[in-house]
Amino acid sequence: MSEKSKSVLLPVVAAAVFAGLGRMVLQKIKADRAARETNVAGPLDEKTRAWISDVVRTPRQ
């Protein structure tokens, strides 16, 4: 009797999926670090904070 041939496709697909997920995680970590280092928002003065708070609290018409 002939032995069952094992498919190579499933392990290859699984390896590709895990490699893709790992790459996505590394990209996310790098992006988070870059965003933290370059603080684009900067400090806000009291007038700007009050305006943002007012805009967020009041519903749109």
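The chain has two helices and zero strands, where helices are DSSP runs of H or I with at least four residues and strands are runs of E with at least two, numbered from the N terminus. This is a predicted model, in which local features need pLDDT of at least 70 and side-chain atom pairs count only at pLDDT 80 or more, while totals for chains, interfaces and linings use all residues. Residues are numbered from 1 along each chain as its sequence is written, and side-chain values use heavy atoms, without hydrogens and water.

Of the 61 residues in the chain, 0% are buried (buried is under 20% relative accessible area, exposed over 50%, partly exposed in between; 1.4 Å probe, protein chains only). The chain exposes about 6500 Å², with 63% supplied by carbon and sulfur atoms.

| Residue | Relative accessible area | Class |
|---|---|---|
| L9 | 59% | exposed |
| D32 | 34% | partly exposed |

L9 lies in helix α1 (residues 9-37). A nonpolar surface patch includes L9, along with V13, V17, F18, L21 and M24, and totals about 630 Å² of accessible area.

The structure holds one salt bridge (a side-chain nitrogen of Lys or Arg within 4 Å of a carboxyl oxygen of Asp or Glu). K28 pairs with D32, their closest N and O atoms being 3.1 Å apart. Both residues lie in helix α1, four residues apart, about one turn of the helix.

Notes: Areas by Shrake-Rupley, 256 points an atom, 1.4 Å probe, with all protein chains shown as cover. Patch = residues over 30% accessible without salt bridge, like charges linked within 9 Å, V, L, I, M, F, W, Y side chains within 5 Å.
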